[in-house]
Amino acid sequence: MDEFYNETAAPETEPEFEPVYNRHYITVDAQGRVTDGWSDGPHPGRDISGAICIDGEGGYQFRLFPGGEENPPLSAEDGVPLYRWDGETAVPRTMEEIEADRAPSLELVQAEKLAQLSAACNAAIVAGCGVELPDGSVGHISLTAEDQINLTNAHAAVAAGAQAYPYHLDGGLCALYPAGAIQAIARAATAHKLYHTTYYNHMAAWVRRCEIVEEVSAITYGAALPEDLEEHMEAILGAAGGGLDAV
């Protein structure tokens, strides 16, 4: 009698697959604030010089914390970093730290203040000044760029020997002014411009030496200078034949 053997095939051994891990990196600035983060899964060739590996066995997508959100936002809408590196892990920054970043820096406030003061100086120059003519009459002149050119031409003409030259005071008709009147107008304009340009220069020095934002913010065009700057400005204007009361 034939014997039949029921042979049962041995189960095939399942192949073993080694898990595939990705490395997760962050970059931080000089203050330890987290500025960027990525996984070498989507970014296999990215330069990691200076980067910090926060997870050597991470998933394909970047996570700042194990089990955390994939590709989380690392900064607020205005670009302020939301996390900092404490040497071992990334931690959320406090609201005080975030708001401190949003406050303008001293350098930015100084630059803005200098621009404001420069504009105020230019406006003051353009607004012009009062003049007293040799005959005792008084008037006012504006000093736009065009006015300054016209006055320069008038003064050059009388300096070259012209006995009179056509000019006009604000609100008046053009008239033929004698050389002495043209010279008086030119002197007033020169003193006016010298005062304001010198004043701005000293205001700028004041702004640059301030050490806190509040000091800079408090400075306004027309304010009294600190004593040492006022004395220096007085000396400059005095040497030029004027003074703080010249205009």
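This is a predicted model: local features need pLDDT of at least 70, side-chain atom pairs count only at pLDDT 80 or more; totals for chains, interfaces and linings use all residues.
Which side chain meets that of R33 in a salt bridge? Residues are numbered from 1 along each chain as its sequence is written, and side-chain values use heavy atoms, with hydrogens and water left out.

**View 1. The salt bridge between R33 and D101.** The side chain of R33 meets that of D101 at 3.0 Å, N to O; a salt bridge is a side-chain nitrogen of Lys or Arg within 4 Å of a carboxyl oxygen of Asp or Glu. R33 lies in the loop between β1 and β2 and D101 in helix α1 (residues 95-102), so the pair ties together parts that are 68 residues apart in sequence. Helices (H or I, at least four residues) and strands (E, at least two) are DSSP runs, numbered from the N terminus. D101 is partly exposed, with a relative accessible area of 27%; buried means under 20%, exposed over 50%, and partly exposed in between (1.4 Å probe, protein chains only).

**View 2. The hairpin of β1 and β2.** Strand β1 (residues 22-28) and strand β2 (residues 34-39) run antiparallel and are joined by 5 bridges; two strands pair if DSSP finds at least two bridges between them. The hairpin has 5 residues between its strands, and G32 in the turn has a positive phi of about 80°. T27 stands opposite D36 in β2.

**View 3. The salt bridge between D36 and R46.** The side chains of D36 and R46 meet at 2.4 Å, N to O. D36 belongs to strand β2 and R46 to the loop between β2 and β3 (52-58), 10 residues apart. D36 is partly exposed at a relative accessible area of 26%, and R46 is partly exposed at 35%.

**View 4. The salt bridge between R209 and D228.** The closest N and O atoms of R209 and D228 are 2.9 Å apart. Because R209 lies in helix α4 (residues 179-209) and D228 in helix α6, the pair ties together parts that are 19 residues apart in sequence. R209 counts as partly exposed at 40% relative accessibility, as does D228 with a relative accessible area of 41%.

**View 5. Helix α6 and residue E227.** Helix α6 spans residues 227-239 and includes E227. At 59% relative accessibility, E227 counts as exposed.
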